[in-house]
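Hello,

Here is the structure I promised to pass on. Please have a look, then read my notes below.

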Amino acid sequence: MAITGNGSLATLLFLFMIPAALHKGAAQYPVQSQNLVTDNVEVVEGDVAVISCRVKNNDDSVIQLLNPNRQTIYFRDVRPLKDARFQLVNFSDNELRVSLSNVSLSDEGRYVCQLYTDPPQEAYADITVLIPPGNPIIESREGQVIEGNETEMTCTAMGSKPAATIRWMKGDKELQGISKVEETYDHMFTVTSQLRFIVTKEDDGVSVVCIVDHPAVKDFQALTYLVVHYKPEVKIIVEFPDGLPREGQNMELSCQAKGKPHPQQINWVKVDDDLPSHALITGPDLYIENLNKTYNGTYRCFAANSVGESYDDYILYVYDAPTTTPIPTTATTTIPTTTTTISLPEATADTTPSAEPAAHDSRAGEGAPRAVDHAVIGGVVAVVVFAMLCLLIILGRYFARHKGTYFTHEAKGADDAADADTAIINAEGGHNNSDEKKEYYI
């Protein structure tokens, strides 16, 4: 042990004897450190710790600093200890400040500030060495998660002092994990946190963060991203025609499918029937030429990937081909002294349903007329029936008003004749006694 400056053997013995004597005296005469103060120190392993022994009202008493083994580190401004990591930062009548560089776990303990008074005074500074954990590690039970399943993740923070705490964030939402703390043989700690939750397809690409809280480090975290596989989402789009499909037109349906992984196959079928013989399937598209009403039915698009299969339906209803506007016609029925004129209503474009079909259904709606001509024909039939009833009523009234009578005058005495010749011979030319007869003429 070396001392700066010139000194004698007696001086050396004095320096070594003082701490022991003070320690013995302190044990016999416990005092309150009212004039001597210091502070506890927390320092990260490898950093610099500073110990300050301060005297409020010093009366030229000697200040010295001892290590946890009661060895003198500094006596006033002299360092008897050979450890060069201790360096004098400041010395005055009121303060002794010493730094300790490259702190290790073995430096942890209680350091003693001593003031040579009667009785001696001591103040204690506890040095706590903080050891940050290693880089956190996130492990997942499976690399790819299927929608609707539960996933499990584990985050580990190893070799810290004190034990770290672990928090979880999924996107901007904090989740609660289950933590387990293990202490190793060298008084270090390993913390493991386990997180479980159900995933949805909306979680695909969402970040999951393991955040480690420790006094030695800030913003210490590990990051991973969810990879969620889900069944295809299928939707049928009508490329053409625009509006209602009619006979003679061409139609193209496109099957749009997305999923993860991307659907490997897309198929078209007609529910409860075969596809039209000349229907053409090109990739996801179904093309049908020259529509007619035999093509009516439900067309289904299937899409599948490794997760599962989905489909969408399109109900096709083919309408009559558009017709030209008919010219108004007049039907005339003539009876004696009476004429009835019936005018057929003009079929215009306004009689055609203007509403577009609902999504995935080419029909205009349940209960809608199937064709414009049927409505016109029904109206005409109703008008004709009504006209015939009116005609029968008019004829009945006419015949009732034109009913007539007339007379026939047979020869007198003809009734008593045995035969026609006798009747003619005996007949008188007059018709005064003839019977009145009634006849009707139609």
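Start with a disulfide: the link of Cys53 and Cys113 is left-handed, with -70° about the S-S bond. Cys53 lies in strand 3 and Cys113 in strand 8, so the pair ties together parts that are 60 residues apart in sequence. Their sulfur atoms are 1.8 Å apart. Both Cys53 and Cys113 are buried. Keep in mind that this is a predicted model.

The count of disulfides comes to three. Here are the others.

Cys155 and Cys210 form a disulfide with sulfur atoms 1.8 Å apart. This link is left-handed, at -70° about the S-S bond. Cys155 sits in strand 12 (residues 150–160) and Cys210 in strand 17 (residues 207–214), so far as the sequence goes 55 residues apart. Cys155 is buried, at 0% relative accessibility. Cys210 is buried too, at 0%.

Cys255 is joined to Cys301, S to S 1.7 Å. The torsion about their S-S bond is about -80°, so this disulfide is left-handed. The pair links distant parts of the chain, with Cys255 in strand 20 and Cys301 in strand 24 (residues 297–304), 46 residues apart. Cys255 counts as buried at 3% relative accessibility, and Cys301 at 0%. Counting bonded cysteines along the chain, the pattern is 1-2, 3-4, 5-6.

Now the chain as a whole. The protein chain has 442 residues, and 32% of them count as buried. Its secondary structure comes to three helices and 27 strands. Take the contacts with a separation of 6 or more: residues 24 or more positions apart account for 62% of them. The accessible surface is about 27100 Å², and 52% of that belongs to carbon and sulfur atoms.

Next, the core. The largest nonpolar core has 26 residues. Those with the most contacts inside it are Leu65, Ile73, Phe86, Leu96, Tyr111 and Ile127. Several strands give two or more residues to this core, including strand 3 (49–55), strand 7 (95–100) and strand 8 (109–115).

What does Phe86 touch, leaving out residues up to four places away in sequence? Its partners include Ile73, Leu81, Val98, Ser99 and Tyr111. Ser99 is found in strand 7. Ser99 is buried, because its relative accessible area of 14% falls under the 20% cut-off. Beyond its sequence neighbours, Ser99 is in contact with Val48, Ala49 and Arg85, among others.

That brings us to charges. Side chains of opposite charge can pair when their charged atoms come close. How many salt bridges does a search of the whole structure find? The search finds 19. Some of them:

- Arg85 and Asp83 meet at 3.1 Å, N to O. Arg85 is partly exposed at 22%, and Asp83 is partly exposed at 25%.
- Lys258 and Glu233 meet at 4.0 Å, N to O. Lys258 lies in strand 20 (residues 251–260) and Glu233 in strand 19 (residues 228–240), so the pair ties together parts that are 25 residues apart in sequence. Lys258 counts as exposed at 52%, while Glu233 counts as partly exposed at 30%.
- Lys270 and Asp273 meet at 3.8 Å, N to O. Lys270 is buried, with a relative accessible area of 7%, whereas Asp273 is partly exposed at 45%.
- Arg141, Glu142, Glu152 and Arg196 are linked in a network of salt bridges.

Best wishes

Definitions and conventions:
Residues are numbered from 1 along each chain as its sequence is written. This is a predicted model: local features need pLDDT of at least 70, side-chain atom pairs count only at pLDDT 80 or more; totals for chains, interfaces and linings use all residues. Side-chain values use heavy atoms; hydrogens and water are left out. A nonpolar core is a set of buried Ala, Val, Leu, Ile, Met, Phe, Trp, Tyr and Cys residues joined through side-chain atoms within 4.5 Å. Buried means under 20% relative accessible area, exposed over 50%, partly exposed in between (1.4 Å probe, protein chains only). Helices (H or I, at least four residues) and strands (E, at least two) are DSSP runs, numbered from the N terminus. Contact means heavy atoms within 4.5 Å. Accessible areas come from the Shrake-Rupley method with a 1.4 Å probe; for residues, only the protein chains shown count as cover. A salt bridge is a side-chain nitrogen of Lys or Arg within 4 Å of a carboxyl oxygen of Asp or Glu. A disulfide is a pair of cysteine sulfur atoms within 2.5 Å.
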